[in-house]
Amino acid sequence: MIVSGSATQAFAAALARATGEPLGRVQYERFPDGELQVRVEDADIDRAVVVASTVSSDAHIELLQLQDAVREAGVDDVTTVLPYMGYARQDRAFRPGEPVSSRAVARAISTGTDRVLTVNPHEDRVCDYFDVPATSIDAASVLADPLPADLEDPLFLSPDEGAIDLAETVRDAYGRGATDYFVKERDYDTGEIEIEPNDATCDGRDVVLTDDIIATGSTMSESVAVLNDRGAARVYVSCVHPLLASNAVTKLSAAGVEAIYGTDTIERSVSDVSVAPVVAEKLP
Ligand code: R5P
């Protein structure tokens, strides 16, 4: 049975369709003091696949509650699917006194499950922080699906070297085009992004910017500005996890992007393409 967190219901439904597993009915409630409560309404569950993108602190708590609720209902075998793992980017202590937040949440999540599957975490090494077997699933190839078929001399570009594998995966799935990457510097005190362009030729080309996450949209909008200066034709931005915090959509639209494409690991208006079929293949 697929048991979903409140923020991941469409993904869970897609996973249920892809696997043929029944989709559990869950009530999401809140006590007057603000504390959360979930209730899994199905009995006789053999095995549970708990699905939750941990996009907020509430989503983290809800996930722990769902894991506990299915154990309480007598389920022996629990798989946890994190389509998007929150706090994954905080995978080391960047400055003295900071926690390794992804390790802290991984340990908590491990207590209620037999295994974890997560989709394109910022770095695969985050899987080592779980106390149960954890697998990273690369689903970036689906990002080729919504791209127009008529891209002109396409360049698949990542805003930093760390995301070049994603750009290559999308290019391979699209079937033609070149790949390259910019160099990104982030000021951790101000949060400001600086993009160091390389010598990629962009004039008249269609460019597909690809990254794992769009959060504030600063990385992508700074990259789009460089591409505009270089005479790129159409610019598409594409990411696995469309977090799109605050004014990211207007920031990107104002920068002149042709379209924003994301997957359903986070449910947003741009979540055009589902990674549920890819996850379904990896479920035990
Ligand atoms: C970090 O290196 C990630 O790959 C993304 O580039 C980053 O999280 C995007 O953040 P933002 O949209 O806030 O610039």
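A salt bridge here is a side-chain nitrogen of Lys or Arg within 4 Å of a carboxyl oxygen of Asp or Glu. Keep that in mind as you move through this predicted model, where a search of the whole structure turns up 14 salt bridges.

**Stop one: R25 and D42**

Select R25 and D42 and show their side chains. They form a salt bridge, with the closest N and O atoms 3.3 Å apart. R25 sits in the loop between α1 (9-19) and β2 (26-30), while D42 sits in the loop between β3 (36-40) and β4 (47-51), so this pair ties together parts 17 residues apart in sequence. R25 is partly exposed at 48% relative accessibility, whereas D42 is buried, with a relative accessible area of 15%.

**Stop two: E29 and R39**

Next, pick E29 and R39, another salt bridge, whose closest N and O atoms are 3.3 Å apart. E29 belongs to strand β2 and R39 to strand β3, so the pair ties together parts that are 10 residues apart in sequence. Both partners count as partly exposed: E29 has a relative accessible area of 35%, and R39 is at 42%.

**Stop three: D114 and R71**

Move on to D114 and R71, where the closest N and O atoms of the salt bridge are 3.4 Å apart. D114 lies in the loop between α3 (101-110) and β6 (115-119), and R71 in helix α2 (residues 57-72), so parts that are 43 residues apart in sequence are tied together. D114 is partly exposed, with a relative accessible area of 29%; R71 is partly exposed too, with a relative accessible area of 29%.

**Stop four: the ligand**

Now center on the ligand. It is surrounded by 14 residues, and the closest are K184, D211, D212, T216 and T219.

Finish by zooming in on the ligand's oxygen atoms. One lies 2.5 Å from an N or O atom in the side chain of T216. For G217, look at the backbone instead: a polar atom there is 2.8 Å from a ligand oxygen. T219 brings a polar side-chain atom to 2.5 Å from an oxygen of the ligand. Taken alone the ligand exposes 380 Å², and the protein buries 92% of that.

How values were computed
Residues are numbered from 1 along each chain as its sequence is written. This is a predicted model: local features need pLDDT of at least 70, side-chain atom pairs count only at pLDDT 80 or more; totals for chains, interfaces and linings use all residues. Side-chain values use heavy atoms; hydrogens and water are left out. A residue is near a molecule or strand if one of its heavy atoms lies within 4 Å of it. A polar contact is a pair of N or O atoms within 3.5 Å; within protein, one must be able to donate a hydrogen and the other to accept it, and residues adjacent in sequence count only if both atoms are side-chain atoms. Accessible areas come from the Shrake-Rupley method with a 1.4 Å probe; for residues, only the protein chains shown count as cover. Helices (H or I, at least four residues) and strands (E, at least two) are DSSP runs, numbered from the N terminus. Buried means under 20% relative accessible area, exposed over 50%, partly exposed in between (1.4 Å probe, protein chains only).
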